[in-house]
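Subject: Handover of a protein structure

Dear colleague,

Please find below the structure that I am handing over to you.

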Amino acid sequence: MAAQKINEGLEHLAKAEKYLKTGFLKWKPDYDSAASEYGKAAVAFKNAKQFEQAKDACLREAVAHENNRALFHAAKAYEQAGMMLKEMQKLPEAVQLIEKASMMYLENGTPDTAAMALERAGKLIENVDPEKAVQLYQQTANVFENEERLRQAVELLGKASRLLVRGRRFDEAALSIQKEKNIYKEIENYPTCYKKTIAQVLVHLHRSDYVAAERCVRESYSIPGFSGSEDCAALEQLLEGYDQQDQDQVSEVCNSPLFKYMDNDYAKLGLSLVVPGGGIKKKSAAPQAKSEGATAPATEEDEDEYAGGLC
């Protein structure tokens, strides 16, 4: 069966080459027919699991479509070549071709298809190269945002934010979450804004930036309904505990259902949050006063001891 499919693929390649030849009565190559034959060859090689040959056929198909100024079909062929590379576990090369395809989709005026291709590329590379996946998800979000498809844009930004948190790239994560929050505010999804504020605060505290965390909460008071929400109350309690270096209070908040049932990456941030100083509570004012009172008589005794002079 495989040998039959390989022979079938080779026959289609031979036909494609004939369509590209020129002669005395044929001045221009027939790119359209050649592209069709290359496409058929790619399918035959793919069915025979000859992915290298299938990839090469797809690339030839793409070039034929480009020469015929059929950008959409050329992009499809490049994307298919990328999928053949995926089957060969050559993921970085696969992503490179899919990115090229997405640029051609944009040039052709089909941004939705471009965005879907970029998202597929991000999913392919996510476990191998998270940094590249973040870039691809952000590119996808930009395409959707330019098309005013904000719900799709914010979903992709969320994927990028979680990957940044997972990679402990907290400075970039803070900026990414802020972008998410701005979009959710724009589409008036206020409850999700509250959740993004929690995520922001956790990220800022892991950056050891209490001031930025407090500012996030303060700025969120302008979001309708936030000030009376359980999210707001929990964050105020969290910041108070963190500021007072009270690890018990911080852990109690971070172990509450509100925090534990967030996206896994943010829930982990909460569970691993440690207050400055290793969780030692600040001394209360009362013991300090008692201590000061205890030292005062000692000073008086010292003075009494030498009241009559040294002789």
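The following paragraphs set out what was found.

This is a predicted model, in which local features need pLDDT of at least 70 and side-chain atom pairs count only at pLDDT 80 or more, while totals for chains, interfaces and linings use all residues. Residues are numbered from 1 along each chain as its sequence is written, and side-chain values use heavy atoms, with hydrogens and water left out.

The protein has 16 helices and zero strands; these are DSSP runs numbered from the N terminus, with helices being H or I of at least four residues and strands E of at least two. Of its 311 residues, 42% are buried. Buried means under 20% relative accessible area, exposed means over 50%, and partly exposed lies in between (1.4 Å probe, protein chains only).

The largest nonpolar core contains 85 residues. Such a core is a set of buried Ala, Val, Leu, Ile, Met, Phe, Trp, Tyr and Cys residues joined through side-chain atoms within 4.5 Å. V201, L238 and F259 have the most contacts inside this core. Helix α8 (residues 150-166) gives the most to the core, with nine residues. Beyond its neighbours within four places in sequence, L238 is in contact (heavy atoms within 4.5 Å) with several residues, among them V201, V250 and F259.

The largest pocket has a volume of about 230 Å³. On a 1 Å grid over the protein atoms alone, a pocket is an open set of points where a 1.4 Å probe fits, with protein on both sides within 12 Å along at least five of seven lines; lining residues have an atom within 4 Å of a point. The volume is the space filled by probe spheres set on the points, and grid points are joined across faces, edges and corners. Of the 13 lining residues, Q138, N142, L157, S176 and K179 are the closest to the centre of the largest pocket. Helix α9 (170-186) gives the most to this lining, with seven residues.

Finally, N108 belongs to helix α5 (residues 91-108). N108 counts as partly exposed because its relative accessible area is 33%. Leaving aside neighbours within four places in sequence, N108 is in contact with L71 and F72. The C-alpha atoms of N108 and L71 are separated by 6.0 Å, although the two residues are 37 residues apart along the chain.
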